[in-house]
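Dear colleague,

Please find the structure below, handed over for your use. A written account of the findings follows it.

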Amino acid sequence: MLLSKLEIKGFKSFGDKVKLSFDKGITAVVGPNGSGKSNVVDAIRWVLGEQSTKALRSEKMENIIFNGTSKRKPLQMAEVSLTFLNNRDLLPTEYTEVTIARRYYRSGEGEYLLNGVPCRLKDIQGLFLDTGIGSDSYAIIELKMVDEILNDTNNSRRALFEEAAGISKFKKRKKETLKKLQETDADLERVEDLLHEIG
Ligand code: ATP
């Protein structure tokens, strides 16, 4: 599988549409301090569904939209799209080219798209489950994470191995199922209360 293309428009420092094509091998992004190198990584993390503004180095989600410069007006929408070549069938879809996109408007509304069709974040997360790609997976390793892994803070070394071994998917499903069970228990209790009231 190859990460082939990243398109950014209106995200952080990218007021104009920027298209980055990735070839086989290593791609290095170079530039002076503050020129937007980390914003490229933030864009990848964001389109993969990152919800934490802290992880995006932003105070609130609205701040990820291009805020203008002395010469340019702020934009109303941020859009990032990321294209993968599914040449090794690692993604469970018939498409050989998969593009995920995320949009966010100043009104607070947002949407996700899969090959141009609106979808839920859950669909995108489901697609990449087990591939090691995700907003909080080891596909993106920032300096802070290297420190965490070396110091093993919050059991992060274990979490990394679990993700690599494909265990985290089952843990996630277990958590979801337990939550559903809890909700069902609460519903049942409510039904019993109502029955008691009626009887
Ligand atoms: P360094 O090498 O110092 O880490 P960098 O190249 O990684 O720098 P980034 O942190 O990616 O740089 O980019 C920082 C720049 O992005 C700052 O100039 C900041 O003003 C700009 N920026 C961040 N959010 C926005 C926004 N919403 N609108 C416009 N510019 C923004």
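**Ligand surroundings**

The ligand is surrounded by 14 residues, of which N33, K37, S38, N39 and N67 are the closest; a residue is placed near a molecule if its C-beta atom, positioned from the backbone, lies within 6 Å of it. By class, this shell holds two nonpolar, 10 polar and two charged residues. Here Ala, Val, Leu, Ile, Met, Phe, Trp, Tyr, Cys and Pro count as nonpolar, Asp, Glu, Lys and Arg as charged, and the others, Gly among them, as polar.

Please note that this is a predicted model, in which local features need pLDDT of at least 70 and side-chain atom pairs count only at pLDDT 80 or more, while totals for chains, interfaces and linings use all residues. Residue numbers start from 1 along each chain as its sequence is written.

**Overall organisation**

The protein chain contains five helices and six strands. These are DSSP runs numbered from the N terminus, with helices being H or I of at least four residues and strands being E of at least two. In sequence order the pattern is β-β-α-β-β-β-β-α-α-α-α. The C-alpha trace of the protein chain spans about 70 × 40 × 40 Å along its principal axes.

Domain 1 covers 2-135 and domain 2 covers 168-199, with bounds taken from an automatic or database domain assignment. Their centres, taken over C-alpha atoms, are 36 Å apart.

Of the 199 residues in the protein chain, 17% are buried. A residue counts as buried if 20 or more other C-beta atoms lie within 10 Å of its own, as exposed if 12 or fewer do, and as partly exposed in between, with C-beta atoms placed from the backbone. Among contacts between residues at least 6 apart in sequence, 50% join residues at least 24 apart; a contact requires C-beta atoms, placed from the backbone, within 7 Å.

**Strand pairing**

Strands β1 (2-9) and β3 (77-85) run antiparallel and are joined by seven bridges, pairing being assigned where DSSP finds at least two bridges between two strands. Within this pair, L6 stands opposite L82 in β3. Strand β3 also pairs with β4 in the antiparallel sense, over nine bridges, and M77 has Y105 in β4 as its bridge partner.

Helix α1 comprises residues 37-47, and its buried residues are N39, V40, D42, A43, R45, W46 and V47. Their cover includes β1, β3 and β4 (97-105). Just after α1, G49 adopts a positive phi of about 110 degrees.

The largest nonpolar core has 21 residues, and those with the most contacts inside it are F11, A43, W46, V47, I64, A78 and V80. Such a core is a set of buried Ala, Val, Leu, Ile, Met, Phe, Trp, Tyr and Cys residues joined through C-beta atoms within 7 Å. Two or more residues of this core come from each of α1, β3, β4 and α2 (121-128), and α1 gives the largest share, four residues. Not counting residues up to four places away in sequence, F11 touches A43, I64, F66, A78 and V80.

**The loop between β3 and β4**

L90 lies in the loop between β3 and β4. Why is L90 classed as partly exposed? L90 is partly exposed because 14 other C-beta atoms lie within 10 Å. Leaving out residues up to four places away in sequence, L90 touches M1 and T131. The C-alpha atoms of L90 and K9, which are 81 residues apart along the chain, are separated by 28 Å.

Conventions: Contact = placed C-beta atoms within 7 Å.
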